[in-house]
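Colleague: I am new to this one. Could you take me through it, one point at a time?

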Protein chains: 2
Amino acid sequence: MKRAYNFNAGPSALPLAVLERAQKQLLNFQQTGMSVMELSHRSKEYDAVHERAEMLLRKLMNIPDTHDVLFLQGGASLQFSMVPMNLLKEGEVGNYVLTDSWSDKAMKEAKKVGATHVAASSKEEKYTYIPTNIELSERPAYLHITSNNTIAGTQWREFPNVSVDLIADMSSDILSRHIDVSRFALIYAGAQKNLGPSGVTVVIIRKDLLAKGDDRLPTMLNYRTYSESRSLYNTPPTFAIYMLSLVLEWVEEQGGVQMIEKKNAEKAALLYRCIDESEGFYKGHAKKESRSHMNVTFTLPNEELTKKFLAEAKEKGLIGLAGHRSVGGCRASIYNAVDMEACEALVQFMETFRKNIF
Amino acid sequence: MKRAYNFNAGPSALPLAVLERAQKQLLNFQQTGMSVMELSHRSKEYDAVHERAEMLLRKLMNIPDTHDVLFLQGGASLQFSMVPMNLLKEGEVGNYVLTDSWSDKAMKEAKKVGATHVAASSKEEKYTYIPTNIELSERPAYLHITSNNTIAGTQWREFPNVSVDLIADMSSDILSRHIDVSRFALIYAGAQKNLGPSGVTVVIIRKDLLAKGDDRLPTMLNYRTYSESRSLYNTPPTFAIYMLSLVLEWVEEQGGVQMIEKKNAEKAALLYRCIDESEGFYKGHAKKESRSHMNVTFTLPNEELTKKFLAEAKEKGLIGLAGHRSVGGCRASIYNAVDMEACEALVQFMETFRKNIF
Ligand SMILES: Cc1ncc(COP(=O)(O)O)c(C=O)c1O
Ligand SMILES: Cc1ncc(COP(=O)(O)O)c(C=O)c1O
Ligand SMILES: [Mg+2]
Ligand SMILES: [Mg+2]
Ligand SMILES: [Mg+2]
Ligand SMILES: [Mg+2]
């Protein structure tokens, strides 16, 4: 079997070792005579998986006891609504930094719940950078940022220093670098980029915020429900959480977040160097100081060459390189599971392609 | 490997052939060089899986063109809220038949949204039967029933003949028997009993109802979002939907719902006969005319014997037989993937156990 070089933006590449482990155990999990998918979510075997996923995430991200770890469904998109439903109260204002259409969507959902305010935005410049001139509204409930912007290919290097509760959509860079969780009131992430397959969403929430959830909220949309039941109020997506636990084990085996971060920086540097040394053939979409280590966005001289590039790349087994329709061009998503070898293969392809054109 | 005899109430047994197929394809889906979990949800390969799941469900359940098929996350419990959020309007009343704590919970969530009315209930008699004396409220928005009651072990044999929109939670008997979908305004089911692993929820909705969803609803909680995007508004739980497609293929290979229904009736008859011929040692919880073909609930003479029964059963590889804590005793869930051999093994165990006691 030839593995694809998988640059999908999400769902995306998983570590081969994780897939092999899952395959091996698929019919008979720990001598139970059952697949992990067939276990009751109330069984002690599944419970150990569930606990292990939380424990490993706590350990790898160094999550303090002040914060709860929750497993939900519905993707990051449901969090766009759950955040304001739980945390945006009458008379308060949800503050948003607009850095890409994901933060845009997050704010749109908040508008259905209460008042919102744009605290900063790079929309006028096609989201090519991370704005730093944050101006909070009166009575801010929180400041919402998107730590990595999957579409634009930008990433916060330093998080804003504000006195208000900081909330981050970390869907596309959670566990890719060290972050100080204690600085955040709430972090959420769909799993399908750095954590596992789609179907499970991780929420890390400072415990005092749980009291804010109104009892009149639908039970399944109240963070307290998940906190009080260890995310076992109803049937969780057991297989997705199992896969999450395997991915977390793999991260640990790689040397933890510190080593992962180092490798990610090297992978990104390799790609950006190729872009920067292409004599303008490849152009980075994001401004240099805001470049993402996860999603490398770039364009070619024209539409025709872009099409040719994508078609030839695919033929060579380099998958998922088309840019998001709102930005166009190309995007290489190089999440944790995309290794240096894949990045080297891409760079080699990019160089050869360019030389063949000129 | 010895397969367990898996009587879990959900997540529950999956067909061995389905697990084997998934295992075989896990590292390389259709020569893509990727796992199905690693495919973009926007790729043509994943799209074919997604379409196939809908197509097969339509075919097997004979779903008319008047109805849409949607794939959601959050389990049946989120549907307890989404149904009234989308379909219960100011001035209308959500009518509920209470047959077990699941319908109870469904009504509790509806109460947060609007007015509700108990149209019938067997709560006073420990939910041991399906009530037929339905009394609708004024201005009913819909009548909500639970087609199979997983905890009590009862099942509607004939659905109520009402002039109002009929909504059914079919989580624990969807695809287990022929039903006339055209009689229902909306059907929902968490997948983890008859359809696949946990993590995907199926909704079948009459298309005219889609207009009822208010634009002010959170996007992810409006059925219209799923209808308009073919359940691809955001990242769907791709692996769970893939497993669903494999389970549906398997149902087709078994001869479709007609054959499945016949086998299910035989399996249930075998178990109920064992109970009825036990001279009172095993007592069925449900009244005979309301007995479920999916969840066979029964008690033993006392707590001590029940414990002994469960422990010895487990030793013999008969898993998941403890009754739900609210009913006690025992429960054998015999969903589609639980075969006659497993039921025969259980009956043999029950008979031997009884004879050893007397
Ligand atoms: C930063 C970010 N937020 C939110 C989303 C939406 O995630 P989901 O599809 O899980 O709803 C994405 C998806 O790519 C994303 O990259
Ligand atoms: C009839 C019925 N409805 C709803 C549920 C809740 O399903 P979920 O755990 O998917 O929310 C169950 C779970 O067993 C059930 O049996
Ligand atoms: Mg906890
Ligand atoms: Mg998701
Ligand atoms: Mg459709
Ligand atoms: Mg579910």
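The turns below go through the ligand sites, then the aromatic pairs, then the charged pairs of this predicted model.

Colleague: Between which chains does ligand 1 lie?
Modeller: The shell around ligand 1 has 14 residues, and the closest include A:Ser77, A:Thr150 and B:Thr235. Ligand 1 lies between chains A and B.

Colleague: Which helix gives the largest share of the shell around ligand 1?
Modeller: By class, that shell has 3 nonpolar, 9 polar and 2 charged residues. The largest share is 4 residues, and they come from helix 3 (residues 75-87) of chain A.

Colleague: How far is a polar side-chain atom of A:Lys193 from an oxygen atom of ligand 1?
Modeller: An N or O atom in the side chain of B:Asn234 is 2.7 Å from an oxygen atom of ligand 1. For A:Trp102 the corresponding distance is 3.4 Å. For A:Lys193 the distance is 2.6 Å.

Colleague: What percentage of the area of ligand 1 does the protein bury?
Modeller: The side chain of A:Lys193 has a polar atom 2.6 Å from an oxygen atom of ligand 1. Taken alone, ligand 1 exposes 390 Å², and the part of that buried by the protein is 96%.

Colleague: Why is the site of ligand 2 called shared, and between which chains?
Modeller: The closest of the 14 residues around ligand 2 are A:Thr235, B:Ser77, B:Thr150, B:Asp169 and B:Lys193. The site counts as shared because the surrounding residues come from chains A and B.

Colleague: Which residue has a side-chain N or O atom 2.8 Å from an oxygen atom of ligand 2?
Modeller: A polar side-chain atom of A:Asn234 lies 2.7 Å from an oxygen atom of ligand 2. For B:Trp102 the distance is 3.4 Å. The residue at 2.8 Å is B:Gln192.

Colleague: Which helix gives the most to the shell around ligand 2?
Modeller: The shell has 3 nonpolar, 9 polar and 2 charged residues. The element that gives the most, with 4 residues, is helix 3 (residues 75-87) of chain B.

Colleague: How many residues apart in sequence are the parts that A:Phe29 and A:Tyr242 tie together?
Modeller: The whole structure has 29 aromatic pairs over all chains. In this one the ring centres are 5.7 Å apart and the planes stand at 90°, so the pair is edge-to-face. A:Phe29 lies in the loop between helix 1 (16-25) and helix 2 (44-61) of chain A, and A:Tyr242 in helix 6 (residues 238-253) of chain A, so the parts tied together are 213 residues apart.

Colleague: What kind of pair do the rings of B:Tyr96 and B:Tyr142 make?
Modeller: B:Tyr96 and B:Tyr142 are each buried. Their ring centres are 5.8 Å apart and the planes are at 80°, where over 60 counts as edge-to-face. The pair is therefore edge-to-face.

Colleague: Is A:Arg224 buried or exposed?
Modeller: A:Arg224 forms a salt bridge with A:Asp215, with the closest N and O atoms 2.7 Å apart. A:Asp215 is exposed, at 60% relative accessible area. A:Arg224 has 17%, and since under 20% counts as buried, A:Arg224 is buried.

Colleague: How many residues apart are B:Glu253 and B:Arg21?
Modeller: These two form a salt bridge, with the closest N and O atoms 3.4 Å apart. B:Glu253 is in helix 6 (residues 238-253) of chain B and B:Arg21 in helix 1 (residues 16-25) of chain B, and the separation is 232 residues.

Colleague: What separates B:Glu228 and B:Arg224 along helix 5 of chain B?
Modeller: They form a salt bridge, with the closest N and O atoms 4.0 Å apart. Because they are 4 residues apart in helix 5 (residues 223-228), the separation is about one helical turn.

Colleague: With which side chain does that of B:Ser147 make a polar contact?
Modeller: B:Ser147 is in the loop between strand 5 and strand 6 (148-149) of chain B. B:Ser147 is buried, with a relative accessible area of 0%. At 2.5 Å, the contact is with the side chain of B:Asp173.

Notes
Residues are numbered from 1 along each chain as its sequence is written. Chains are lettered from A and ligands numbered from 1 in the order in which they are written. This is a predicted model: local features need pLDDT of at least 70, side-chain atom pairs count only at pLDDT 80 or more; totals for chains, interfaces and linings use all residues. Side-chain values use heavy atoms; hydrogens and water are left out. A residue is near a molecule or strand if one of its heavy atoms lies within 4 Å of it. A polar contact is a pair of N or O atoms within 3.5 Å; within protein, one must be able to donate a hydrogen and the other to accept it, and residues adjacent in sequence count only if both atoms are side-chain atoms. Accessible areas come from the Shrake-Rupley method with a 1.4 Å probe; for residues, only the protein chains shown count as cover. Helices (H or I, at least four residues) and strands (E, at least two) are DSSP runs, numbered from the N terminus. Ala, Val, Leu, Ile, Met, Phe, Trp, Tyr, Cys and Pro count as nonpolar, Asp, Glu, Lys and Arg as charged, and the others, Gly among them, as polar. Rings of Phe, Tyr and Trp (its six-membered ring) pair if their centres lie within 6.5 Å; planes under 30 degrees apart count as stacked, over 60 as edge-to-face and the rest as tilted. Buried means under 20% relative accessible area, exposed over 50%, partly exposed in between (1.4 Å probe, protein chains only). A salt bridge is a side-chain nitrogen of Lys or Arg within 4 Å of a carboxyl oxygen of Asp or Glu.
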